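Here is a short briefing to read alongside the model. Take it as a guided look at a few selected places, with the sequence and structure at hand.

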Amino acid sequence: MTRIISNEQIAPDVFVMKIAGSYKGRMGQFYMMRADDGYRGDSYPLLSRPLSIHDKGDDFIAFLYRVHGRGTAILSRMSAGQQVLLEGPFGNGFPVLDEPGRIALVGGGMGIAPLLLAARHYAQADIYLGFSGEAFAVESLRQAVESAARVKVMNSRHRSILELLEPGWYDTILACGPAGMLKALAECTAAANDAALHDSEGYPASTRLYISTEKHMACGIGACLTCTVRTTSGNRRTCVEGPVFAAEEVDWNDLTTV
Amino acid sequence: MTRIISNEQIAPDVFVMKIAGSYKGRMGQFYMMRADDGYRGDSYPLLSRPLSIHDKGDDFIAFLYRVHGRGTAILSRMSAGQQVLLEGPFGNGFPVLDEPGRIALVGGGMGIAPLLLAARHYAQADIYLGFSGEAFAVESLRQAVESAARVKVMNSRHRSILELLEPGWYDTILACGPAGMLKALAECTAAANDAALHDSEGYPASTRLYISTEKHMACGIGACLTCTVRTTSGNRRTCVEGPVFAAEEVDWNDLTTV
Amino acid sequence: MTSLQCNIGGVTLRNPVIMASGTYGFGREYAAYVDAGILGGISCKGLTLHPRSGNPGCRIQETASGMMNSVGLENPGVAAFLEQELPYMTTLGTAVIANLGGSNAEEYIEGARLLSVHTRQQIEQGGRGIDMLELNISCPNVREGGIQFGIQTETARSIVRQVRSVTDLPLMVKLSPGAQDIVEMAVMCEEEGADAVSLVNTFSAMKIDIYRRRSAFDNGYAGLSGPAIKPIALRMVHQVARALSIPVIGMGGISSVEDIIEFIMAGADAVQVGTYNFVNLRAGTELVDGLQTWMQQQRIESLEEIRGIIG
Amino acid sequence: MTSLQCNIGGVTLRNPVIMASGTYGFGREYAAYVDAGILGGISCKGLTLHPRSGNPGCRIQETASGMMNSVGLENPGVAAFLEQELPYMTTLGTAVIANLGGSNAEEYIEGARLLSVHTRQQIEQGGRGIDMLELNISCPNVREGGIQFGIQTETARSIVRQVRSVTDLPLMVKLSPGAQDIVEMAVMCEEEGADAVSLVNTFSAMKIDIYRRRSAFDNGYAGLSGPAIKPIALRMVHQVARALSIPVIGMGGISSVEDIIEFIMAGADAVQVGTYNFVNLRAGTELVDGLQTWMQQQRIESLEEIRGIIG
Ligand SMILES: Cc1cc2nc3c(=O)[nH]c(=O)nc-3n(C[C@H](O)[C@H](O)[C@H](O)COP(=O)(O)OP(=O)(O)OC[C@H]3O[C@@H](n4cnc5c(N)ncnc54)[C@H](O)[C@@H]3O)c2cc1C
Ligand SMILES: Cc1cc2nc3c(=O)[nH]c(=O)nc-3n(C[C@H](O)[C@H](O)[C@H](O)COP(=O)(O)OP(=O)(O)OC[C@H]3O[C@@H](n4cnc5c(N)ncnc54)[C@H](O)[C@@H]3O)c2cc1C
Ligand SMILES: Cc1cc2nc3c(=O)[nH]c(=O)nc-3n(C[C@H](O)[C@H](O)[C@H](O)COP(=O)(O)O)c2cc1C
Ligand SMILES: Cc1cc2nc3c(=O)[nH]c(=O)nc-3n(C[C@H](O)[C@H](O)[C@H](O)COP(=O)(O)O)c2cc1C
Ligand code: FES
Ligand code: FES
């Protein structure tokens, strides 16, 4: 059921793991995964790691991940035929909007992972991808949207993808990436919403920004309350009510502790 | 340095792992081994496992092991090219006797592991091998001694290899196997030494029995004192002064706790 | 016929496998993975009289064979529990244990009183309330007033005594491994009329983020649980079980049937499973089925045959 | 220039990495793996006045990220140590710490006296004796007389006081994590004139062989060490370091440079490494070199810059 088909390195420290089987899940949802060595409880890691669904077909599911610490390092050393433990899909995922209007998908670094499914769903979207090092996984996104020209990529240690993006131009923005980037994006978007801009011709009445957030997790199903984030409507569990939140809801101080 | 060349299953739960490199060690000595996943301290297992040297050449060393618990199960799943951590050789090994006289090597089950090197050294030895299930690794022992006929094998759940062996006939016996078998052998040998037998024609004046013992270990080098066995001359460390002891020295009550 | 039944303070449990407080929510989230009806019981997320939003910042870190949490008793409060969660829990077909925390004596007493009154009313109306109260005198993540009730026997005594006086629910007191003398603490609970004790709660522990030069948790210390603590928890359960005549519910790192058997042989009447639920969402099913199978294989007909056999 | 030097009770250590008692023998066995001259110090196998043959039966079991031992203070006794082991140890070029246990007050006092007298004589003759005394009031594997000195502050006080009065060696007291109040215990040591405290010793723990239906150890309980206990040990070191003005030597599960830094940031002046020596026979070299490298990478010139920076 959870046999690895392939586990390829596509950039320094970045891997795509493909797993055989028919799996559920929408854009922005995630699975909890770890290597399965047949023992539980006192092997490392104890807890599974949350990974967004990157790609999905009738007979496979794929995860795009960066080697961050030991858990992901162990995953990166696995090879075809070995087993992983996989539970999911979990979380709310990106919103399915009937009328998204003009829409942008914004990804920073590994934040690209959940955007492939989002690009398939919102094929009319403009896509902005920022990398501090080598770019990766861009080609499949180009193929997912109506026109490859809609995909803008910046890879630079010193500049930000946000330089290319005018948030106020869009009705809807879906974003995933480092907390710092998300926060900057939220500030620009809020500024645009405040400004008279939206009365200008061609601009939408307001911009709605949805961000996919990260919090350390234990259960993944909403039981342990270790993944909560403070929002304007109280604590919300990243694994159930998240990981996607409307940007104006979240308390950024509580997010950036990840 | 510690790359696995091969790791083959040769009987139910029994494996031979061959490791590349030129290694030191004599018959009856052992190495401490565990899988090397690049992390130490909080992966399972924490401690290396003692394994006797089974075979050795200019460019390899081999271990014959049974899957006993989790540590050995992890070893059994490893494959060519992977790395193990290996420290050794440790322990005293079987005695190198100038005049062993008539000599027998006795192995019970996994106790066969250290006997291959012993058979090469004492090529004139008679060899007695007992298995409660399927026999294994017998062929290489046959090749090691002067005449394959000298190797007697019994595989039976109900009978013991000791039935085929008359301890008093030998000047020297080297044995390795389950504590119960070793104890029974020690009793027969002691009885033979007590009996008038040794005055009979053709029989040696006395029989010396050396046994290879097992104790749980931590350091393998004599520092932790977790592997001591009570002997007639006080506590002895199985990893340094052992694992081979003269049978009459050891306190059997302290041994059978393994 | 193998029987796994056990009796804690007058409540008969189907089997000794109880899901530990704080790791099983109010039973809803695991519904897709485990049929709660097979469980011995569920101890709900720790309640306090008033709602609490818990601790800010990072709430979890993995450690060597363990995890640290600093949830800080986030919960909707006793009233919301009774209204929104308990009705669901009583449908699950398993013993419902209300875990109650507090930051001062009044909170404990009023919380216990509300839970008891509600249950009495429900039963009078032919309904069901909670089956047992688990008094958590040991949460290491709540520090209001700087009091930690679970440390000193005499401080804890007054809480246990007062709670006992306001409830006739079966009362189980949950002990902290940080108690100065855990045996004395347990004996005190028996003296004060508790029906059972449960142990251990998490160990107060620390993790430092050396690059940010601060504790990994805003709160400083956090609670350690999981396989790492099992050997210590087992020793404590053994010590306490030998000193008490009321039932002892053991926990700390249980992750297998063999672990459960160890606790029972050490003298536990039942066990609780915490962290392992996160490791294996189907832990409940695996452990209950596995326990049944193990007993049959070992030809043990009742847990009484092995309970406390380690002298 | 990065300096790793530290000063404990008047003794200057090359660096804060000390090999923990009971895990490094008398320094002989690791000679093939680690040049002892690079170490901060070695605390020798726990000594008692009279030789001890230690506990029978199984002495070690592995646990989740830890190990339990029940060696039971096997050692040749103080006199044999002075004659056969110390002369070798003083040639190693590292600080020699004599770890002293005992099963009653007299044993401690007489042991301490012998060690002090010998050292004084050696120094008078231009030689070297031991550099420091580590008083182990906490060995969980010795139960003669049923006394465990490391539990209650006032019981321990009399031992510390009496030992202090018979020795002018730098005196470090090794604390048990089982102390009823480890901070109070540490403060007592400072009050009684100890030059340093070290903590923690192993945790009293249990493992049951469920098939043989007995404790895995003849002695019942045994001492837990290794990575599993690190988060608890670190918390205790942090608590103690904040309460004391004498140096604190931290230990418990240290297995990496990062672990050492955590203990130092928690307030430790030096650390001890125990179980990790078994995991990695070259632990000493790896950790000392690694610490040096880490400090350089982080541009930290002295441990003072980071010691105790976690408030
Ligand atoms: C909903 C969600 C979706 C994610 N999707 C992806 C993805 O598609 N691709 C990808 O590369 N990464 C993703 N991440 C981040 C990924 O989970 C972490 O990088 C990973 O858990 C690190 O584990 P580790 O053992 O390698 O690192 P370590 O730092 O050794 O992990 C130690 C602990 O910290 C936790 N942790 C550390 N960093 C994070 C983090 N950023 N988020 C959550 N937990 C963390 C781990 O889960 C573990 O419990 C996602 C995180 C969340 C919450
Ligand atoms: C000197 C010596 C030489 C050995 N040579 C061989 C050999 O050549 N082939 C072989 O198959 N086995 C050999 N053994 C036994 C082997 O070390 C154990 O089977 C192995 O350690 C079990 O580890 P595990 O993790 O699979 O089992 P587990 O039972 O899960 O191990 C748990 C702990 O118990 C210890 N342990 C369990 N059984 C033994 C045992 N019998 N001896 C020592 N420690 C034990 C382990 O080392 C570990 O610390 C030898 C033992 C010793 C002492
Ligand atoms: C995330 C988390 C939350 C917890 N919350 C509570 C709680 O609210 N009340 C309580 O009494 N114990 C709580 N505990 C402690 C557990 O119930 C249990 O005592 C402890 O985790 C040890 O068991 P384990 O090792 O099986 O997890 C919590 C534990 C965890 C891991
Ligand atoms: C096998 C073994 C023997 C020990 N013997 C002693 C001893 O004789 N005296 C002592 O003070 N501590 C002794 N200890 C405790 C260690 O010195 C140390 O305090 C403890 O193991 C925690 O550190 P660690 O987790 O790094 O091992 C022993 C520990 C082990 C594992
Ligand atoms: S991870 Fe457990 S509630 Fe979200
Ligand atoms: S294994 Fe440490 S002394 Fe033998």
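Chain A of this predicted model is assigned two domains, domain 1 (2-90) and domain 2 (103-256). Between the centres of domain 1 and domain 2 of chain A, taken over C-alpha atoms, the separation is 23 Å. To the contact between them, domain 1 of chain A brings 20 residues and domain 2 of chain A brings 21 residues.

**A buried valine in chain A**

- V14(A) is part of strand β2 of chain A, which covers residues 14-20.
- Is V14(A) buried or exposed? V14(A) has a relative accessibility of 0%, and because buried means under 20%, V14(A) counts as buried.
- Once neighbours within four places in sequence are set aside, the contacts of V14(A) are E8(A), Q9(A), L64(A), Y65(A), R66(A), M110(A) and F136(A).
- One of these contacts is L64(A), which is 50 residues away from V14(A) in sequence but 7.2 Å away in space, C-alpha to C-alpha.

**The shell around ligand 2**

- Ligand 2 is surrounded by 22 residues, and the closest are P50(B), G69(B), G71(B), T72(B) and E214(B).
- By class, the shell around ligand 2 holds 11 nonpolar, 6 polar and 5 charged residues.
- Which elements of chain B each supply at least two residues of this shell? They are β4 (49-52), β6 (60-66) and α1 (70-76).
- With 4 residues, β4(B) gives the most to the shell around ligand 2.
- Both domain 1 (2-90) and domain 2 (103-256) of chain B take part, as the shell around ligand 2 draws at least three residues from each.

- With G69(B), the contact runs from a backbone N or O atom to an oxygen atom of ligand 2, at 2.7 Å.
- For R66(B), a polar backbone atom lies 2.9 Å from an oxygen atom of ligand 2.
- H216(B) takes part through its side chain, where an N or O atom is 3.2 Å from an oxygen atom of ligand 2.
- How much of ligand 2 does the protein bury? Ligand 2 exposes 830 Å² when taken alone, and the protein buries 90% of that.

Key: Residues are numbered from 1 along each chain as its sequence is written. Chains are lettered from A and ligands numbered from 1 in the order in which they are written. This is a predicted model: local features need pLDDT of at least 70, side-chain atom pairs count only at pLDDT 80 or more; totals for chains, interfaces and linings use all residues. Side-chain values use heavy atoms; hydrogens and water are left out. Buried means under 20% relative accessible area, exposed over 50%, partly exposed in between (1.4 Å probe, protein chains only). Contact means heavy atoms within 4.5 Å. A residue is near a molecule or strand if one of its heavy atoms lies within 4 Å of it. A polar contact is a pair of N or O atoms within 3.5 Å; within protein, one must be able to donate a hydrogen and the other to accept it, and residues adjacent in sequence count only if both atoms are side-chain atoms. Accessible areas come from the Shrake-Rupley method with a 1.4 Å probe; for residues, only the protein chains shown count as cover. Ala, Val, Leu, Ile, Met, Phe, Trp, Tyr, Cys and Pro count as nonpolar, Asp, Glu, Lys and Arg as charged, and the others, Gly among them, as polar. Domain bounds come from an automatic or database domain assignment.
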